[in-house]
Amino acid sequence: MEPEILELESFLPYRLYRLADTVSREFSRIYKERHGLTRPEWRTLSGLGQHGTMTATALGEQSAMHKTKVSRAVAELERRRWLTRTPDEKDRRVEHLALTKAGLAAYREMVPLAKAFERELLARLSAGERAAIVTGIAALEGPWKKRADRLARGPPLCPAGHLPLKGGD
């Protein structure tokens with residue numbers, strides 16, 4: 001019996017990755033052309049623009065970026081004077097990041113461009129296809145989001161309150 005072969009081009013996780021990467025690269029042309037931003041810098045700028053003050057850890061979680069990418073993006077946006085760092089009063093290892101007026105202006109300039117890009121992307125689909133993709137993505141994200149939320153909370157404690165239950169559930 002021959003070993004089973006995986007046809008990568010039809011493997012859904014691969015197809016989703018390729019599509020996301022293609023769309024992300026296409027959108028990156030806009031913010032690279034406007035402001036010379038990298039993808040991590042754009043994600044940092046947009047995360048802070050949306051949520052206001054955040055820590056680097058929260059930014060990494062929100063944007064699904066590794067801490068080194070967040071750190072480099074923060075350093076570059078700070079160099080441009082687009083964000084400020086304020087040490088936490090209780091834990092000096094934690095910094096609160098916020099956009100400056102210049103950073104907020106760049107973010108506000110990019111919002112309508114981002115929304116127009118999204119509209120153009122969705123305009124390629126029929127109303128039924130748009131509804132299907134929104135529903136399908138939400139259905140795929142649901143279990144992963146629940147799992148990530150569980151992992152973020154840590155393993156549940158046993159009834160005595162001090163040892164994690166086996167298997168984490």
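A residue is called buried when its relative accessible area is under 20%. The legends below apply this cut-off to a predicted model.

**View 1. The rings of F27 and F117 form a tilted pair.** F117 has a relative accessibility of 17%, so F117 counts as buried. F27, at 11%, is buried as well because its value is also under the cut-off. The ring centres lie 5.1 Å apart and the planes meet at 45°, which makes the pair tilted. F27 belongs to helix 1 and F117 to helix 5, so that 90 residues separate the two partners.

**View 2. The rings of Y31 and W42 are stacked.** Y31 sits in helix 1 and W42 in helix 2, 11 residues apart. Both residues are buried. Ring pairs join Y31 and W42 with F27 and F117 in a cluster. The structure has 4 aromatic pairs.

**View 3. The largest nonpolar core holds 20 residues.** L37, W42, L45, L48 and L83 touch the most other members. Helix 1, helix 2 (39-51), helix 4 (67-79), strand 3 (95-99) and helix 5 (101-123) each give two or more residues to this core. Helix 5 supplies the largest share, 4 residues. Leaving aside residues up to four places away in sequence, L48 is in contact with M54, L59, L83, L97, A98 and L99.

**View 4. L6, L8 and F11 make a nonpolar patch on the surface.** Together they have about 260 Å² of accessible area. F11 lies in the segment before helix 1 (12-35). With a relative accessible area of 34%, F11 is partly exposed.

Note on methods
Residues are numbered from 1 along each chain as its sequence is written. This is a predicted model: local features need pLDDT of at least 70, side-chain atom pairs count only at pLDDT 80 or more; totals for chains, interfaces and linings use all residues. Side-chain values use heavy atoms; hydrogens and water are left out. Patches are made of residues with over 30% relative accessible area and no salt bridge: like charges are joined within 9 Å, nonpolar side chains (Val, Leu, Ile, Met, Phe, Trp, Tyr) within 5 Å. Accessible areas come from the Shrake-Rupley method with a 1.4 Å probe; for residues, only the protein chains shown count as cover. A salt bridge is a side-chain nitrogen of Lys or Arg within 4 Å of a carboxyl oxygen of Asp or Glu. Buried means under 20% relative accessible area, exposed over 50%, partly exposed in between (1.4 Å probe, protein chains only). A nonpolar core is a set of buried Ala, Val, Leu, Ile, Met, Phe, Trp, Tyr and Cys residues joined through side-chain atoms within 4.5 Å. Contact means heavy atoms within 4.5 Å. Rings of Phe, Tyr and Trp (its six-membered ring) pair if their centres lie within 6.5 Å; planes under 30 degrees apart count as stacked, over 60 as edge-to-face and the rest as tilted.
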